[in-house]
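Subject: Structure for your attention

Dear colleague,

Please find the structure below, together with its sequence. I would be grateful if you kept it open while reading the notes that come after it.

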Amino acid sequence: MTITAPQQAPAAAPAVPSSAFRLSLGRVIRSEGIKLVSLRSPWISAALTIVISLGITTLMAISMRNYLSEMPVTGGGNAMIAQAVTMPLAFTALLVTITGSMLITGEYSTGMIRSTLTAAPDRLRSLFAKAIVLIGYTVLVSLVTSVLGVTLVSALFAGTDIALDFGDLAGAVLPYVYSAVYLVAAALLGLGFGYLLRSGAGAIAVAVGILFILPIVPQVLAMAPGMEWVAEAARYLPSNAGNALVQGSGDDVWQGALTLAVWVIAVLGLGAIALKNRDA
């Protein structure tokens with residue numbers, strides 16, 4: 001007679017708290033950060049931004065030093081240094097705008113957007129995460145460029161009366177903070193157009209048109225009789241608002257900042273609507 005030994009029930013697996021796998025904005029931001037640093041294009045864009053900016057800044061500083069005896073020094077050394085360092089902003093704004101648009105259009109072109117939206121099914125969380133990562137990237141690139149630019153210009157102006165004066169902290173620091181704000185706005189516009197158009201070429205074309213071509217049109221139209229209002233309206237274009245923010249003073253600074261904020265909110269808002277309501 002065979003006796004069958006009683007079988008023990010398998011031990012239950014330890015319970016894993018549901019919070020261990022809960023999707024959070026912090027984890028989506030971490031994921032987006034990993035994607036950003038693993039791509040080559042942001043590194044290339046950062047290198048080009050720094051190199052082009054320093055090149056233009058160097059040429060500007062050399063030109064200013066050569067004609068220093070003939071130029072009236074207005075605003076002190078801080079203003080002169082800031083003028084040279086912020087001169088390349090138009091080019092760097094274009095580069096960060098391209099980076100912002102490619103951050104999302106690259107996913108649409110490769111189909112990776114499906115994985116992104118599977119991981120973040122509410123969709124808007126991935127948009128916020130991309131925006132936060134893009135802001136951090138742009139601020140870092142902008143501040144590194146500004147620090148290197150100020151160091152380089154200060155060395156080129158050595159032996160002259162032009163020097164950085166930290167006694168005027170606002171004049172020594174704020175132009176570079178405002179530059180970072182403008183570049184962040186340009187990058188977020190690129191991101192918003194990328195979500196809206198889903199095409200890298202289309203997003204870049206629209207961004208270039210708004211940042212570079214549209215500001216030229218009012219200058220031509222304003223010459224015609226009765227078209228002076230066009231020049232006034234042009235103040236609310238992103239590039240003109242950015243210039244007012246970086247180079248202006250008083251109310252011009254706040255008007256420029258507010259104008260950029262409205263542009264960013266409007267374009268990102270339209271991009272968010274497109275992301276929420278269209279299929280991947």
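This is a predicted model: local features need pLDDT of at least 70, side-chain atom pairs count only at pLDDT 80 or more; totals for chains, interfaces and linings use all residues.

Residues are numbered from 1 along each chain as its sequence is written, and side-chain values use heavy atoms, with hydrogens and water left out.

Overall make-up

The protein has 12 helices and zero strands. Of the 280 residues, 39% are buried. A residue is called buried under 20% relative accessible area, exposed over 50%, and partly exposed in between (1.4 Å probe, protein chains only). Contact means heavy atoms within 4.5 Å. Among contacts between residues at least 6 apart in sequence, 80% join residues at least 24 apart. The protein exposes about 15,400 Å², of which carbon and sulfur atoms supply 69%; accessible areas come from the Shrake-Rupley method with a 1.4 Å probe, and for residues only the protein chains shown count as cover.

The salt bridges

The structure holds four salt bridges, each being a side-chain nitrogen of Lys or Arg within 4 Å of a carboxyl oxygen of Asp or Glu. In one of them, the side chains of Lys130 and Glu32 meet at 2.8 Å, N to O. Lys130 belongs to helix α6 (residues 124–156) and Glu32 to helix α1 (residues 25–38), so this pair ties together parts that are 98 residues apart in sequence. Glu32 is buried, at 4% relative accessible area, and Lys130 is buried as well, at 1%.

Another salt bridge joins Lys35 to Glu107, with their closest N and O atoms 2.9 Å apart. This pair links distant parts of the chain, helix α1 and helix α4, 72 residues apart. Lys35 counts as buried at 15% relative accessibility, and Glu107 is buried at 6%.

Glu107 also forms a salt bridge with Lys130 (2.5 Å, N to O). Here helix α4 is linked to helix α6, the two residues being 23 apart. Through shared partners, salt bridges join Glu32, Lys35, Glu107 and Lys130 into one network.

Helix α8 (residues 200–213) has 14 residues, which at 1.5 Å a residue should span 20 Å; its end C-alpha atoms are 18 Å apart, which agrees. The expected span is 1.5 Å times one less than the number of residues. The buried residues of α8 are Gly200, Ala203, Ala207, Gly209, Ile210 and Leu211, and their cover includes α4 (89–110), α7, α11 (238–247) and α12 (251–277).

Asn78 lies in helix α3 (residues 76–86) and is buried, with a relative accessible area of 4%. Beyond its neighbours within four places in sequence, its contacts include Ala163, Asp168 and Tyr176.

Val177, in helix α7 (residues 169–197), is partly exposed at 36%. Together with Phe166, Leu169, Val173, Leu174 and Val181, Val177 makes a nonpolar surface patch of about 490 Å². Patches are made of residues with over 30% relative accessible area and no salt bridge, with like charges joined within 9 Å and nonpolar side chains (Val, Leu, Ile, Met, Phe, Trp, Tyr) within 5 Å.

Yours sincerely

How values were computed: Helices (H or I, at least four residues) and strands (E, at least two) are DSSP runs, numbered from the N terminus.
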